[in-house]
Amino acid sequence: MTEVTLSKVVKKYGALQAVHGIDLDIKDGEFVVLVGPSGCGKSTTLRMIAGLEDISGGEVAIGGRVVNDLPPRERNISMVFQNYALYPHMTVRENLGFSLKIAKRPEQEIVKAVDEAAGILGLDELMDRKPAALSGGQRQRVAMGRAIVRHPDVFLFDEPLSNLDAKLRTQMRVEIKKLHQKVESTIIYVTHDQVEAMTLADRIVLMRDGHIVQVGTPLELFNKPVDTFVATFIGSPPMNLVDGVVQGDSIVLNGSVSVPLPVSAGKLTNGQAVKFGFRADNLMPIGHAVEEEGAAHEVDLSVTLTEPLGTETLLYTNMAGVEVQAKMFNPRPVAPGEQLHFRLTLDKCHVFDAKSGQAVRG
Amino acid sequence: MDRNQSHRNRRRVLKTLHFTALFLTMMIICIPGLWIVLNSFRPTVEIMAKPPVWVPSFTLDHYRAMFAGAGEGGVPVFSYFRNSLIVSVTSTLIAILIGMSGGYAFARYRFKGKNGYFVGLMLFRAVPGVALSLPLFIVFAKVGIIDTHFGLILAYVAMNVPFTIWLTDGFFRQIPKELHEAAEIDGCTRWQAFWQVEFPVARSGVASAAIFAFLTSWNEFALASQLTRSVGSKTMPVGLLDFTAEFTINWGGMCALAVLMIVPALILTFIVQKHLIAGLTFGGVKG
């Protein structure tokens, strides 16, 4: 069993603290994605798990064994780097078999394991090439192959798709997910791209400034963000946030528009300054919405800009003096300046305390 | 059409100029060497002839004389060659070992006073070897290592280490640190990661550092002329002086010995040349 446990893990570089006492339990076979803006400590955390960075405080355990002072080679992990880090002087075959060669496994076993990995990743044609003669996507696959050859307890991925172009990235994302279904090992994956996090993860760990902000399934983070940071980081386009003040059963946005309080909102006091949040998917023109039932607030807004995406069109409009984004399904052409009758789905709206940014939920 | 034509003409003129300049430069570099080779094969009369004779009448007299006994104008070529080889090879090996370790340390580790050390090493390079010859002579004489292989090797190692450190540091810096990290995750110790991955990747850099160190030792004259006296330790450049007498210089013999000196250096350079081609590093990383 290879669960990974981090307890109060700290990383300091001199006076600078990069990771502030992280607690995290990763279950056996789970696909966990560490995500956050650059400099949030996600890569440092991964490198501490790998043993490439010293742990300044706390404990990292892999499979119940504390590994704080073990070198990387004794942790039975493998890692895929952002720049692939293939050995340039070795062929693909040698790259794949390197770890087994170092472990002095019998030749036969190496050949078998390498061929198996090559089969899984479709590398058979490339076995005798050097990394320099491979395309970006192929290098990425070799890096993954090198990782799976050893049947490690834990896979670590450090922004593995950042160097690929958009199309290839989507393709490799699917391959990584398939790989996980096949090998069923624990995977810890670092990325700054929330789309990767959403699509790949069993569980997302969202980090900021060396702290964990929220841990949960992609849908939990999407539907119940704990604060405005999570709300704007997860989901594309980011959640619309409008300043408002609570007045009785409604919120007055920027002193102009009044919106009924969402049902889900928790305890709010009269006059409390809040941020009112809703996603583009919850603000749709009537006749072009996904759902037309349930509690809703209707409002007339004029469109300033449109971004047609095919099945839907993103509408930029202005609500209480703030630019917000709305969505239109079964789109029809909309001219800038055109006024549409929108429907705001109230039970999907969020209220955050303006000062702390924390969600206020019932 | 005119503009096309004039553009084409201009390109042609530039190209011609370019080649002429290259040719002149190469001539300046090559003719002295060529002249040495030619002189070694022509009779002394032709060497001194004015105007110079371009097509020599071929003779092996100088070589014959050089290899002849001591009384007939010969010099102990084999001893000099052996001395040169021992001193150059040993000092190069030591300098490369030290230089590679140093270069790796400068490229990979952080330590106190790192920049200071580095600048210090480079400053040491700035001191001309000749300036050190007298102090070295006195110290070596006192210690008793004057006129020995060991003394000369020591001096050459000291001369070459800063340069090899500087060169290998540059090469190791080009190798992304992820390579040794990947190797360590793949089961290597730091030591294994170096020899299995980083060293082979930096091989071209180490090879070029080695060839430079070797040539420096092989060709060095100023220090060697001070620190060696006898046949047992004199290197080939110093041996050239054997052809000077009080009033005459045996140019032909000197050139013949010089050719013997140049040939091994040339061969070595050609052998190592293919390793000098960098670009091996790139490809394993980035996309």
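Predicted model: local features only at pLDDT ≥ 70, side-chain atom pairs only at ≥ 80, totals over all residues.
Colleague: Start with chain A. Which domains is chain A divided into?
Modeller: The assignment gives domain 1, residues 4-233, and domain 2, residues 240-353.

Colleague: How many Å apart are the C-alpha centres of those two domains of chain A?
Modeller: They lie 38 Å apart.

Colleague: And how many residues of domain 1 of chain A are in contact with domain 2?
Modeller: Five residues of domain 1 of chain A are in contact with five residues of domain 2. On the domain 1 side, two are nonpolar, two are polar and one is charged.

Colleague: What about chain B, which domains are assigned there?
Modeller: Domain 1 of chain B covers 2-62 and domain 2 covers 70-276. Their centres, taken over C-alpha atoms, are separated by 32 Å. The contact between them takes eight residues from domain 1 of chain B and eight from domain 2 of chain B.

Colleague: Which elements give two or more residues on the domain 1 side in chain B?
Modeller: Helix H1 (2-40) and helix H2 (44-48) of chain B. H1(B) gives the most, with five residues.

Colleague: How does that side divide by class?
Modeller: Into three nonpolar and five polar residues, with no charged ones.

Colleague: Now the two chains together. How many residues are in contact?
Modeller: 27 residues of chain A are in contact with 23 residues of chain B. On the chain A side, the elements giving two or more residues are strand E6 (77-80), helix H2 (92-102) and helix H4 (136-148). By class, that side of chain A has 18 nonpolar, six polar and three charged residues.

Colleague: Stay with H2(A). Which of its residues are buried?
Modeller: Val92(A), Asn95(A), Leu96(A), Gly97(A), Phe98(A), Ser99(A) and Leu100(A).

Colleague: What do the buried residues of H2(A) pack against?
Modeller: They pack against H3 and H4 of chain A. H4 of chain A is also among the elements on the side that touches chain B.

Colleague: What follows H2(A)?
Modeller: H2(A) is followed by Lys104(A), whose phi is positive, near 60°.

Colleague: You mentioned H3 of chain A. I was looking at Gly119(A); where is its place?
Modeller: In helix H3 of chain A, which runs over residues 107-121.

Colleague: Is Gly119(A) buried or exposed?
Modeller: Gly119(A) is exposed, because 11 other C-beta atoms lie within 10 Å, and the cut-off for exposed is 12 or fewer.

Colleague: How far apart are Gly119(A) and Gln17(A)?
Modeller: They are 102 residues apart in sequence, and C-alpha to C-alpha they are 44 Å apart in space.

Colleague: Back to chain B, for a helix pair. At what angle do H5 and H7 of chain B cross?
Modeller: The axes of helix H5 (residues 114-126) and helix H7 (residues 149-174) of chain B cross at roughly 130° and come within 9 Å. That angle makes H5(B) oblique to H7(B).

Colleague: Is the crossing of H5(B) and H7(B) left-handed or right-handed?
Modeller: The crossing is left-handed.

Colleague: Which residues make the contact?
Modeller: H5(B) contributes Leu121(B), Met122(B), Phe124(B) and Arg125(B). From H7(B) come Pro162(B), Phe163(B), Ile165(B) and Trp166(B).

Colleague: And by class?
Modeller: The contact of H5(B) with H7(B) has seven nonpolar residues, no polar ones and one charged.

Note on methods. Residues numbered from 1 in each chain as written. Chains lettered and ligands numbered in written order. Helix = DSSP H or I, 4+ residues; strand = E, 2+ residues; numbered from the N terminus. Buried ≥ 20, exposed ≤ 12 C-beta atoms within 10 Å, placed from the backbone. Axes fitted to C-alpha atoms, helices over the stretch in contact; angles between N-to-C directions. Parallel < 35°, antiparallel > 145°, perpendicular 65-115°, else oblique. Left-handed = near helix turned anticlockwise from the far one by under 90°. Contact = placed C-beta atoms within 7 Å. Nonpolar A, V, L, I, M, F, W, Y, C, P; charged D, E, K, R; others polar. Domains from an automatic or database assignment.
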